[in-house]
Amino acid sequence: AYKLKANSTFRNEFIQRMASHLNTTFKTERVLHILDSVKGNIATEMVHHIERWDAPSSMAKWEKNLQVMVDFARERVDSVKEDMMSEFDLTGTFDLTLENADPACGGIEIAGVDVPAVFTGFYFDDVPLRMKARPGPGYRFSHWSGAYSGTGDEIFLTSDKNISVSAHFSPAAQIRNLFINEVLSENRGGIKDESGEYEDWIEIY
């Protein structure tokens, strides 16, 4: 773990990916919604479960156990944020607001995590943050606007203040009359790839 933390590329990706998950996967509202949904699915059966197995000892005990999970979910984001700042000597966070102007044309990931078309979340100050646009079939990435402007589909942002960025897609030029000309499904000694390995391949004409 020490060697991984010493690697700046891994360190930066880990820090900001954790932030992305705290903003999405482990977001308090999402976790509470899942807990409430699961509780609703099994609540009517818990009476019979307790009667049969005497575990937990009562519905009141079950409700108490659930409340522990609710309290954990409510405190988790702030607790992990504090742990990250302490472990990596981070100074603070900034809010990133992202708008995907053309959500039907593609998606955006931040530090390797898919985010909604309209999204606001916190990220850690002065740590490079990787954002990648992924065009859907028939589309291409056009450009970024706002706090960052450019046409590269993958960018790195560093900030210590709140910023807003928008992503834009456009229709891709259609390529017609493409044919699969040849297939090699078990390449043992034919053409090598750029790494000098005998990968399977197809040829398009």
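**A nonpolar patch and its surroundings**

Modeller: I175, L178, I180, V183, I202 and I204 together make a nonpolar surface patch of about 640 Å². Strand 9 (180–184) and strand 10 (201–204) are the elements that give two or more residues to this nonpolar patch. Please keep in mind that this is a predicted model, in which local features need pLDDT of at least 70 and side-chain atom pairs pLDDT 80 or more, while totals for chains, interfaces and linings use all residues. Residues are numbered from 1 along each chain as its sequence is written, and side-chain values use heavy atoms, without hydrogens or water.

Patch members have over 30% relative accessible area and no salt bridge (a Lys or Arg side-chain nitrogen within 4 Å of an Asp or Glu carboxyl oxygen). Nonpolar side chains (Val, Leu, Ile, Met, Phe, Trp, Tyr) are joined within 5 Å, and like charges within 9 Å. Areas come from the Shrake-Rupley method with a 1.4 Å probe. Helices (H or I, at least four residues) and strands (E, at least two) are DSSP runs, numbered from the N terminus.

I175 sits in the loop between strand 8 (163–171) and strand 9. I175 counts as exposed because its relative accessibility is 66%; the cut-offs are under 20% for buried, over 50% for exposed, and partly exposed in between.

E75 belongs to helix 4 (residues 59–87) and is exposed, with a relative accessible area of 55%.

Between helix 3 (28–53) and helix 4 lies D54, whose phi is positive, about 55°, although D54 is not a glycine. D54 is exposed at 53% relative accessibility. The loop between helix 3 and helix 4 also holds P56, and the peptide bond from A55 to P56 is cis, with omega near -5°. Most residues other than glycine have a negative phi, and most peptide bonds are trans. D89, in the loop between helix 4 and strand 1, again has a positive phi, near 55°, and is exposed at 68%.

Strand 1 (residues 93–100) pairs with strand 4 in the antiparallel sense over 7 bridges; pairing requires at least two DSSP bridges. Within this pair, T97 stands opposite T120 of strand 4. Strand 4 (residues 118–124) is largely enclosed by the rest of the structure, because 5 of its 7 residues are buried.

Notes. Buried < 20%, exposed > 50% of the residue type's maximum accessible area, 1.4 Å probe, protein only.
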